[in-house]
Every structure is written in structure tokens, then in C-alpha cells.
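Dear colleague,

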Amino acid sequence: RAGAERAMGGPNQLADIHWKRNKTKKHLYTISQVGFNTYFEPGEWYTLQVGSVGHPEYIDSVVECYSVRMSLSAGQIGRTEISFREVLQNWVFDSNETARFIAGGGFQRKTQGRVVTIASSTYIGDADYYCDGTADQTEINLAITALAATGGGTVHLNNGTFNLSATIVGDSGICIELESGTTIEKNCNDYAISCVGTAGTHKSYFSVYGPGTITQNASDTNVKALINLSYCDNCAVSSCSLISAFYVSIFYDHCTNLSINFNTFDSGRIGIYDNTGGASDSYINIAANTFSNMSSTDGVSAVTLIGNYNVISNNIMRDCTSTGYAYGISSAGSHNLIANNSISEVVGSTTINFGIILAGNYNNISSNRVTDNGAYGIYVDSGISNSITNNYCLNNGSDTGLANTNGNNFYDGGTDTQ
């Protein structure tokens with residue numbers, strides 16, 4: 001043992017080389033062959049050669065066999081699937097890895113239950129996967145894929161920053177959990193987190209829970225949202241801080257039964273944007289969120305809603321300014337409830353700025369506090385049989401609390417303060 005330690009330079013070097021062999025990113029290869037091939041053994045090393053020099057696909061590498069799977073169907077001769085991973089070569093000692101080896105408690109910890117833990121590049125505690133600070137979505141997506149294959153579970157991101165060069169791909173039954181001190185930062189022409197189904201097969205029960213932060217790198221001027229939900233049902237985004245989105249923080253379409261609650265939206269242009277319209281987006285619950293410091297030269301909106309049977313309640317919206325349009329809540333759907341929101345200092349450079357702007361039928365706008373906005377407090381643009389009651393509107397534009405361009409499109413209970 002002593003001789004081995006001297007040859008390798010001591011226990012720090014031994015820990016370092018073991019860490020890098022078992023924890024650093026390597027190429028993975030999977031080969032499928034007809035028949036039962038029993039001569040491959042997990043843990044053994046082989047030389048993998050594919051193609052030849054000069055061809056687009058050329059591999060000549062020492063690999064370790066880590067998985068052999070055999071399957072047989074009735075009337076067939078069977079199939080063998082062999083998985084290899086590239087072996088670490090040209091090792092160089094770097095003592096920064098030693099502490100993580102010791103803290104990690106081993107090479108690969110088995111998942112406890114349905115929770116998989118992902119460590120940031122600066123986290124030195126125990127985890128199932130360890131990121132290196134570049135393309136960190138790789139390890140996160142591996143964990144999501146593994147959990148989704150077994151029915152779902154939680155991907156827990158430990159504190160530190162996870163740098164993304166592509167999207168984190170959500171799936172049904174997956175919860176992404178950000179602890180306090182965790183930041184997901186996107187720097188790419190892609191969403192930070194995206195869960196996308198199809199018209200025939202919606203994703204369901206996908207969620208993102210805080211209290212961590214999701215943000216956009218200052219050099220990333222792409223318009224892709226921080227979170228994208230498409231063809232999703234019964235999904236949630238809760239208790240997160242969504243900061244500095246270049247365009248939209250949460251973007252959704254063709255969704256039902258979404259809950260977007262207890263989040264903080266700061267310094268973006270649009271907080272929540274419904275991109276579908278009509279009955280495609282329905283039963284969306286947007287509640288107890290805070291929107292502030294939103295600004296843009298083109299226009300700003302805390303919530304843009306187009307669908308039906310939705311609830312927007314108990315949100316705080318303040319300090320949304322633009323040299324273009326400015327909306328606190330823009331609702332163009334029907335049968336929506338907009339209640340108990342506090343909306344103030346929504347200011348644009350034109351008359352197209354409102355605390356609440358409404359177009360649609362049979363909506364209930366009640367008990368909102370709408371004050372100190374640029375042009376109008378509550379502006380009913382069109383629609384029939386809308387109920388507008390018990391709202392407090394003060395100091396909006398030229399003291400215009402409620403404006404109506406139709407004359408018959410709302411019911412006013414008489415308690416709005418102008």
C-alpha cells in the first residue's frame with residue numbers, strides 16, 4: 001500500500017484519479033447485435049473501433065463495458081445490447097477534485113427512493129450526479145430520463161449555479177426541485193426548462209419548485225422563455241425566482257390545469273404569456289405571485305391571458321414601465337376570475353397602458369386594488385356580461401379608474417372608486 005501511494009504521489013492523487021475515472025463526463029456508446037453474445041463482461045476493457053481515418057464517423061478508443069442486456073421475443077433469435085463508456089486517459093493531478101471525492105462518499109451512490117440529487121460544480125457534498133459548470137443540462141437530463149423510465153420522481157438541484165448551453169427537458173411525473181441558493185442560468189438560444197407534449201399525447205404532472213432562481217445570462221439576448229410548457233396538463237411552477245428574462249419568464253400553450261403560484265418575477269419584459277388562446281388554455285391558476293421592475297422599450301406585461309375559465313388572484317404587480325405599451329393584466333378570454341390583485345405604477349409612454357385591460361365575455365373582475373397607473377385603471381375593451389365589482393381604482397391617468405368603450409359590456413356594482 002505504501003509503495004502504491006508513493007508511486008502515485010500520495011492519497012490525494014489516488015483520490016483524484018479515482019474521482020476523474022468515475023465522475024467526469026465521457027463518451028457513451030451503445031451497440032446492438034443480433035443473437036446472444038455472452039463474451040462481453042461488465043467491468044472489462046475493450047478497444048472499440050468504428051469506421052476508419054477520414055470517415056465522418058471514426059472511433060478508435062479504449063472503452064469499459066458497463067452494461068450487457070439480452071432480450072428474446074417469441075419466434076426470434078434474440079438480441080444483445082452492449083453499453084461502453086470511454087476510459088479516462090492522460091490523467092493530470094488536480095487537487096480540486098479530491099475534496100469532492102471524499103465528500104461524495106464513493107463513486108456512484110444508488111438513488112434513494114425516487115429522488116435523484118444533482119450537485120453543481122461548486123458543491124462538495126453527496127450527490128448522484130456531479131456537474132462541472134459547463135453544459136450542466138447534460139447530467140440533469142440524464143437524471144430526468146432515468147426517473148421518467150421508472151414512472152417519475154424528483155430531481156433535486158443542490159445549491160450553486162447550473163450553467164446551461166441547451167434546455168433542461170422535462171417529462172411527465174418529474175419534479176425539478178431547486179433548493180435555496182440554487183441558480184439555473186441559461187446562455188443559449190433555447191429555453192432554460194421546457195416540457196413539451198403533442199396534440200395527441202400531452203405531458204402531465206411536471207413541476208418546478210423553488211425556492212431557487214432561474215435566470216438568463218446577461219450576454220444571452222435570445223427571446224426563448226425561461227420556462228416553456230406546451231401541451232401540458234396538471235403541471236406547476238411554484239416558489240421560484242424568475243429573474244432577468246430577456247423576453248418572457250413563463251410561456252405556455254395548449255395547457256389545462258396549470259398552477260403558477262408563489263413565484264417572484266423580476267426585471268423581465270413579460271411575466272406570464274398565454275400563446276394559444278380560445279379554449280385550448282383553460283383552468284390556469286395564477287396566484288400569489290409578485291411582479292416588479294419589469295421594463296422594455298417595446299412593451300411590458302405582468303400577465304397576458306387568452307384562455308377561458310382561468311383564475312388570476314392575489315398577485316402583486318408594480319413598477320412595470322415601458323416606452324411602448326404597458327399592461328398589468330391583459331385578459332382576452334371568457335369566464336375568467338380576476339380578483340384581489342394589487343396593481344400599481346404600470347406606466348407606458350402612450351395611452352396604451354392599463355392596470356387591467358379586458359376583452360371577452362362573462363368575466364368577473366372583483367376586489368382588485370388598481371392605483372397610480374399611467375392611463376387607465378380598469379379598461380373594458382369589448383365583450384358582454386362582464387361583472388366588475390368592488391374594485392378600488394385611484395389616481396390612474398387623469399383620475400380615470402374605469403373606462404368603457406362599448407357601453408353594454410360590463411356590470412358595475414357601483415363600488416369602484418374613480
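Below are notes on strands, core packing, aromatic pairs and cysteines.

Please bear in mind that this is a predicted model, in which local features need pLDDT of at least 70 and side-chain atom pairs count only at pLDDT 80 or more, while totals for chains, interfaces and linings use all residues. Residues are numbered from 1 along each chain as its sequence is written, and side-chain values use heavy atoms, with hydrogens and water left out.

Next comes the packing. A nonpolar core is here a set of buried Ala, Val, Leu, Ile, Met, Phe, Trp, Tyr and Cys residues joined through side-chain atoms within 4.5 Å, and buried means under 20% relative accessible area, with exposed over 50% and partly exposed in between (1.4 Å probe, protein chains only). The largest nonpolar core has 62 residues, of which Ile193 and Leu229 touch the most other members. Apart from this core lies another, of seven residues, among them Tyr29, Val63, Cys65 and Phe84. If residues up to four places away in sequence are not counted, Leu229 touches Cys195, Phe206, Val237, Phe251, Tyr252, Asp253, Cys255 and Leu258, contact being heavy atoms within 4.5 Å.

How many aromatic pairs are there? The count comes to nine, under the rule that rings of Phe, Tyr and Trp (its six-membered ring) pair if their centres lie within 6.5 Å, with planes under 30 degrees apart counted as stacked, over 60 as edge-to-face and the rest as tilted. One of them, Phe265 with Phe291, is stacked, at 4.5 Å centre to centre and 10° between the planes. Because Phe265 lies in strand β22 (residues 264–266) and Phe291 in strand β25 (residues 290–296), this pair ties together parts that are 26 residues apart in sequence. Phe265 is buried at 0% relative accessible area, and Phe291 is likewise buried at 0%. Phe354 and Tyr379 form a tilted pair, 4.7 Å centre to centre with 50° between the planes; Phe354 lies in strand β32 (residues 353–359) and Tyr379 in strand β35 (residues 376–382), so the pair ties together parts 25 residues apart in sequence.

Finally, the cysteines. With a disulfide taken as a pair of cysteine sulfur atoms within 2.5 Å, the count comes to zero. For Cys175, the closest cysteine sulfur is that of Cys240, at 9.2 Å, which is too far for a bond. Cys175 is buried at 14% relative accessibility, and Cys240 is buried with a relative accessible area of 1%.

With best regards

Definitions and conventions:
Helix = DSSP H or I, 4+ residues; strand = E, 2+ residues; numbered from the N terminus.
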